Every structure is written in structure tokens, then in C-alpha cells.
Amino acid sequence: MSAIYGPAQMRRTATSLQQAVSLFLQFRTAWRKRRARQRVRAALGALSDRELMDIGVTRGEIDYVTSQRSIARPHRSTLRDIGDALQILLLANLFSLISVDRTEAQCTAQDVLRRDLTVKGAPPGQKTEIPVNSAADVLVWKTIRIGTFTDTFALRDALSAIGCGVGNSAAEILARPAFTLNHGQAEVALVAVSVAELGFRDAASLRETYLRAQELGFVLAPAEIAPQLRLQYLDQPIGEFLTIGMEPIRTWAGEAILLTVANGGAGLILIGQDGRDDAQISVMSRFVFVRPHTAPAVEAAAMVR
């Protein structure tokens, strides 16, 4: 009897195991998608109205576009299958700003989503909200190279060549005379800290944020850090928005703008952010600064507000 019914019992056991594994994988996929939607919702909620406008989303649309089911699922066929309404809205905006060879793109939604599923990157820096005591206590998050382009035209061409989207105000900043490149190549050690880690419990003004950062020993980053980080940070997690702690640059209309390196789920982008002294910054916002005493060759911006 055992010789007759043994294999059948083994098949039933194997089928049950497959079903259990399938259910586990479905649960894990649903959990990851839910986490991705939560990250995107939180990141978009922390943006200013200007930043939302720069990526083609209104504040009233945040709940809708983050509630769609396929935010973290890549697809191989059509644009409609790339993702949810958030991705479609962002892609529509990005395609109006860039011209890109799809075969060479690395910043597009399909590339970003595929990387997010295969290489799960952790958000930068410390994930706690415990205030830091000194910039020297914060570990280096990422080291990048600057001064690698001869002029800003070559820099912008590099962004376009790999499909990185550039928002309207960010594009204007890259074209302003105040935006300069480092004279020689240099490696820069960067740190990423939240406003909460700087010691604030509630929203703080940009001026207050910079003053606290100065007291702790952080150094403002050259403006070139923003596009260089965009080019060299292709595995940025979905829903992460990193504001570059830089001296604001004014548009032709006189508006003070900071640059933000972001992954809203529909491609890697570089956008502008309100850079006025009294601009209110959420405690969730994360800033990228230069770690002190690590890149003496860099012409870092003076932290004078």
C-alpha cells in the first residue's frame, strides 16, 4: 500500500508547500507595494506646492495617485502598464522636458522600478529621529565625484542622455550664471540628515535649519552636488526626496531655489524647491550636506544666511 499511495501523498505535500510559498510571495509583494505607496505619500506630502507643481501633481491629487495598485510593479510592454496614475503624471511631465534614447536610459520609470524590485536600497543616513550631537558623529552616506564636466551644457546633456528628468525651475537654475562647476575633479563625502535629526520637533524655517546645521559643523554643498548626485545615485529608493543643503540660487524672476534629488516612482528627477529664508521645512525632510574635513579641494559654499 505504501508503494502505491506514497508518491501520491508526496505530490499532495509538494502541492501544499507550493501553495504556501505562493501565498507567502503574494503577501510579501502586497506588503512591499503598500510600503512603497506609504513612502511616496509621505514624501509627496512633505513637498511644497511649488515642488508638487514642478512634477505635475497637485496637493489634492496625492491620496488618489498614491492609492493606485501598481505603483511598484514594472512591466515590459506599454506605457500604461509601467505604473499607476502617479507614474503617468510624472512621465508626462518628464517627457516634455527631456529627449532620451530609450536603449541607453537609466533614469526612466521602467529602469527605476526594475532596480527597486531587484536591489532593495535602504534610505540614506540614520533612520532614527534622534538628534545628532555633531557633524563629525554622522557617518559618510555617499562619496561622489564632481568637476567632471567642462561646462554646464555637457552636464545637462549627461542628464538627458540617461533619461533623468529635470523640473522647470531646476532647469532654469542649471542655466543661471550663479550655478558653477568645480574647477578640478574632486571626491566629496556627503551626509544625509533629517530636520528631526538636526534637533527640531516641528517644522523649521530654512534659515533655522541652516543655522542649526552650521552649529553642528555641517558644510553647505556646492550647487554642482545636486546634478552630480542625480547622475551617480541611480539606485535611489522610491519615495525618497533629498534636498541639497546649498546656497539658494535665484531664477531670472528673482525666486530663491534649492535643488532636490528625487525618486517619485516614475523615474529619477531633479527638481526645484522653495529656497527663501522663511520657507517652512518639514521635520521629515532630509538634507544632504558635505561632511566637514573630507574634501578640502572642493570650493564649498559659505554658510552665510
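## Ground rules

Helices (H or I, at least four residues) and strands (E, at least two) here are DSSP runs, numbered from the N terminus, and two strands pair if DSSP finds at least two bridges between them. This is a predicted model, where local features need pLDDT of at least 70 and side-chain atom pairs count only at pLDDT 80 or more, while totals for chains, interfaces and linings use all residues. Residues are numbered from 1 along each chain as its sequence is written, and side-chain values use heavy atoms, with hydrogens and water left out.

## Confidence

pLDDT is the predictor's confidence in each residue, from 0 to 100. The chain averages 76, with 59% of its residues at 70 or more. Residues 1-5 fall below 50 and have 2 contacts (heavy atoms within 4.5 Å) beyond near neighbours in sequence.

Residues 69-103 also stay under 50, though the model gives them 84 contacts beyond four places in sequence.

## Around β3

β3 pairs with β1 (residues 142-146) in the antiparallel sense over 5 bridges, and A186 is the bridge partner of I146.

β3 also pairs with β10, again antiparallel over 5 bridges; there, V191 stands opposite F289.

S285 sits in the loop between β9 (280-281) and β10 (286-290). This serine is buried at 13% relative accessible area, and touches A46, V193, S194 and V195, leaving aside neighbours within four places in sequence.

Helix α9 (residues 225-232) is mostly covered too, with 7 of its 8 residues buried, among them P227 and R230.

Key: Buried < 20%, exposed > 50% of the residue type's maximum accessible area, 1.4 Å probe, protein only.
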